[in-house]
Amino acid sequence: MMNHKPFDVIKAKCPEFYEWLKEISRYSEVEKFVLPDYKNGIRVYLYTHNYVYNIIVKLPTIKDKTCSYCNSTKTKKMDTGNTKERMIFCYNCGKGSESKWGYLGCTVLDRKPVAGEDWQRGRDLADGAYCYKTWKEIKNDIIAFELVKVAKPKEKQITPLVK
Ligand SMILES: [Zn+2]
């Protein structure tokens with residue numbers, strides 16, 4: 001029997017992340033397609049034939065939600081339209097200040113080393129605040145990373161039939 005305990009942790013701590021993972025798991029069977037790890041923060045691994053994707057979750061903390069002017073936690077995340085800018089609005093003093101508001105990020109590693117190297121090459125994909133917008137960016141990056149280039153179709157050679 002597979003040990004499903006890490007998924008219990010994920011479902012309890014970040015139920016929305018579990019819902020997001022359903023979107024990319026056939027028949028919503030997350031546990032068949034996602035390998036979880038919660039020992040060093042919450043992270044999951046997704047495998048394709050050539051790559052392994054590592055998604056890291058850092059949930060928003062009280063500090064993320066605290067106004068840097070008055071220390072109030074009566075704040076709201078502002079929609080800046082840009083995940084790199086993470087601003088909160090404070091209902092207490094009316095100012096806006098920067099917040100990390102959690103983190104969601106993805107890296108990709110080759111499943112096997114390049115010949116002559118003993119390490120797997122890796123790259124950073126999308127990251128940002130812990131929110132659905134970042135999740136969508138990560139999904140798009142994964143799809144874009146998996147698609148292969150197609151050969152440029154050669155223009156049909158018109159051979160003149162001159163005899
Ligand atoms: Zn404030």
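**The sheet and its packing**

Modeller: In E3, Val57 is the bridge partner of Ile42. The model is predicted, so local features are described only at pLDDT of at least 70 and side-chain atom pairs only at pLDDT 80 or more, whereas totals for chains, interfaces and linings use all residues. Residue numbers start from 1 along each chain, as its sequence is written. Helices (H or I, at least four residues) and strands (E, at least two) are DSSP runs, numbered from the N terminus. Two strands count as paired if DSSP finds at least two bridges between them.

Strands E2 and E3 (residues 51-58) run antiparallel and are joined by six bridges; three residues lie between them in a hairpin. On the other pairing, four bridges connect E1 (residues 34-37) with E2 (residues 42-47), again antiparallel. Here Val34 stands opposite Leu46 in E2, and Asp37 has Arg43 as its bridge partner in E2. E1 and E2 also form a hairpin, with four residues between them, and Gly41 in its turn has a positive phi of about 75 degrees.

These strands belong to an open sheet of five strands with antiparallel pairing, in the order E1-E2-E3-E7-E8. Its edge strands are E1 and E8 (122-128), each of which pairs on one side only. From one strand to the next, the twist averages 20 degrees. In general, strands of a sheet pair through backbone hydrogen bonds, either parallel or antiparallel.

Angles run from 0 to 180 degrees between N-to-C directions, with axes fitted to C-alpha atoms, for helices over the stretch in contact; contact requires C-beta atoms, placed from the backbone, within 7 Å. Helix H1 (residues 5-13) lies across E1 and E2, running at about 80 degrees to E1. Helix H4 packs on the sheet, touching E3, E7 and E8, and its direction makes about 150 degrees with that of E8.

A residue is buried if 20 or more other C-beta atoms, placed from the backbone, lie within 10 Å of its own, exposed if 12 or fewer, and partly exposed in between. Thr134, Trp135 and Ile138 of H4 are buried. They lie on the same side of H4, because they cover an arc of only 100 degrees around the axis, the arc being that of the directions from the helix axis to the C-beta atoms. The cover over the buried residues of H4 includes helix H2 (15-23), E3, E7 and E8. The face turned away from that buried side carries the exposed residues Tyr132, Asn140, Ile143 and Ala144.

A nonpolar core is a set of buried Ala, Val, Leu, Ile, Met, Phe, Trp, Tyr and Cys residues joined through C-beta atoms within 7 Å. The largest such core has 14 residues, and Ile55, Leu104 and Ile138 have the most contacts inside it. E3, E7 and H4 (132-146) are the elements that give it two or more residues, and E7 supplies the largest share, three residues. Leaving aside neighbours within four places in sequence, Leu104 is in contact with Val57, Asp127, Gly128, Ala129, Tyr130, Thr134, Trp135 and Ile138.

Technical notes: Two residues are in contact if their C-beta atoms, placed from the backbone, lie within 7 Å.
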